[in-house]
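Have your viewer ready and your selection tool to hand.

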Amino acid sequence: MRYGHRITHIAAKSEFLLSDVLRIGIAGLGTVGGGVIRLLSEQEDLLTQRCGRALAVTAISARDRNKPRDFDMPDATWYDDAVALAQADNVDVVVELIGGEDGPARATVETALGCGKHVVTANKALLAVHGGALAELAEKVDRTLCYEAAVCGGIPVIKAMREGLAANRFERIYGILNGTCNYILTKMEEDGAEFAAVLAEAQQLGYAEADPSFDIGGIDAAHKLTLLASLAYGCQVQFGDVFIEGIEDLTASDIRFARELGYRIKLLGLARRTDTGIERRVHPCLVPLRTPIAEVNGVTNAVVAVGNYAGQTMFVGPGAGAEPTASSVIADIVDIARGLAMPPFATPYSKLEEAAARPMDLWQGAYYVRLTVLDQPGSMAGITAVMAEHSVSIDSIIQRGRAPGAAVPVVMLTHKTEEASMTRVLREITALEPVTERPRVIRIERF
Ligand code: HSE
């Protein structure tokens, strides 16, 4: 696709476009699909004015036609099969809101592009796993593949990275990319509650999925980080290269200790180019209190991009929900209606770099370590001897309570060290007789 020439081409045709209706096929009528249909209907005049042409839903598809829905179905052709919708003659843009990295979602998107239609999707799993091949296909057939809604719901972070910050090299990007995890961590801190209880409450309130494993396991955040890293660093879309840890092992006591030490625990996604590859990681982090990212609480998402010319920019907003996500889906549709086309990952597919994943063993930083240790003479001496042997230096240490002969928590912060050394230390400490539980370790991020 020759992006540079496309704008001129479209501008020359603007009179034609002004009178031309953009025909939209929506595959998937769940929460986001309903939001998209409502927004298109309620803001029809505004959108027609902004696009210079009308937007019309001409085709719809979902698993169950008769399911009760809290929005008026548009007067559009119904398809039981989303792939058939993707082939329909009366559709210019296919909006894929089915979800899932394979199955009908992938078939619908591949078919739509293969039939010469533009695609808008909110499907981060599909793109994180197959985004490279889909971008290549989109460019080959000279159609756009847009996914603003796939990363951080209502925050227009894809456009910000791809367009607004296009002139920058990125020193690092990081963010709170999963609202469910951020909500759980916030509630654990506010209520002093344990993970399992807060997760159950979040599910009851409808914040967390019935199967929340992708959220709490860090997979959903890693999908989003994969896309952001490709945009920022022009690297291939390689979900498999992301180091991932979730929040399942965090306890109320970790959150309390972290706070006492001047930190808050956040699940972050972070990416950075290094001399030894692109570092892509998702894991819980201790972040200093009073830093902007530490103040992002509840279901809110945030992305921080540090550009070499723009400096630090931060994007904060709702990461999910029908209305914010619909706002992002429609923003992509508006781009298509205006004739704007961008390479899906900012860099044309053929120029995306096959970048090595930076081994996590090379990561350097400070650590929070919580040990459960028998309160008896010599326990700490054994632990500190292991640390000294691997040149891991202690920055501060807390032991609360006294329970001779019984186990007590001991919390340490280390000075900056290498992950490989820390792994060795933990292996050896775990084997010591006075250490009664697996040590809990959280990396500290300083900004
Ligand atoms: N499940 C995601 C979250 C929203 O909790 O942030 C959609 O990606």
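**Before you start.** This is a predicted model, in which local features need pLDDT of at least 70 and side-chain atom pairs count only at pLDDT 80 or more, while totals for chains, interfaces and linings use all residues. Residues are numbered from 1 along each chain as its sequence is written, and side-chain values use heavy atoms, with hydrogens and water left out.

**Stop 1: two helices.** Select residues 157-164, helix H8, together with residues 219-233, helix H12. Helices here are DSSP runs of H or I with at least four residues, strands are runs of E with at least two, and both are numbered from the N terminus. The axes of H8 and H12 lie 9 Å apart at an angle of about 15°; axes are lines fitted to C-alpha atoms over the stretch in contact, and angles run from 0 to 180 degrees between N-to-C directions. H8 and H12 are therefore roughly parallel (an angle under 35 degrees).

Now show side chains. Which residues of H8 meet H12? They are Val157, Ile158, Met161 and Arg162, and they face Leu228, Leu231 and Ala232 in H12 (contact means heavy atoms within 4.5 Å). By class, this contact has six nonpolar residues, one charged and no polar; Ala, Val, Leu, Ile, Met, Phe, Trp, Tyr, Cys and Pro count as nonpolar, Asp, Glu, Lys and Arg as charged, and the others, Gly among them, as polar.

**Stop 2: strand E17.** Next, select residues 440-444, which form E17. Strand E10 (residues 277-288) pairs with E17 in the parallel sense over two bridges, where pairing requires at least two DSSP bridges. Strand E13 (residues 364-374) pairs with E17 in the antiparallel sense over five bridges. Click on Ile444: it is the bridge partner of Leu286 and also of Ala366.

**Stop 3: helix H13.** Select residues 252-260. Ala252, Ser253, Asp254, Ile255, Phe257 and Ala258 are buried there (under 20% relative accessible area, with exposed over 50% and partly exposed in between, using a 1.4 Å probe and protein chains only). Gly262 follows H13 and has a positive phi, near 95°.

**Stop 4: two loops.** Most residues other than glycine have a negative phi. Asp142, in the loop between H7 (124-140) and E6 (145-146), has a positive phi of about 60°. Is Asp142 buried, exposed or partly exposed? At 30% relative accessibility, Asp142 counts as partly exposed.

Finish at Cys152, in the loop between E6 and H8. Its phi is also positive, near 60°, but Cys152 is buried, with a relative accessible area of 0%.

Technical notes: Parallel < 35°, antiparallel > 145°, perpendicular 65-115°, else oblique.
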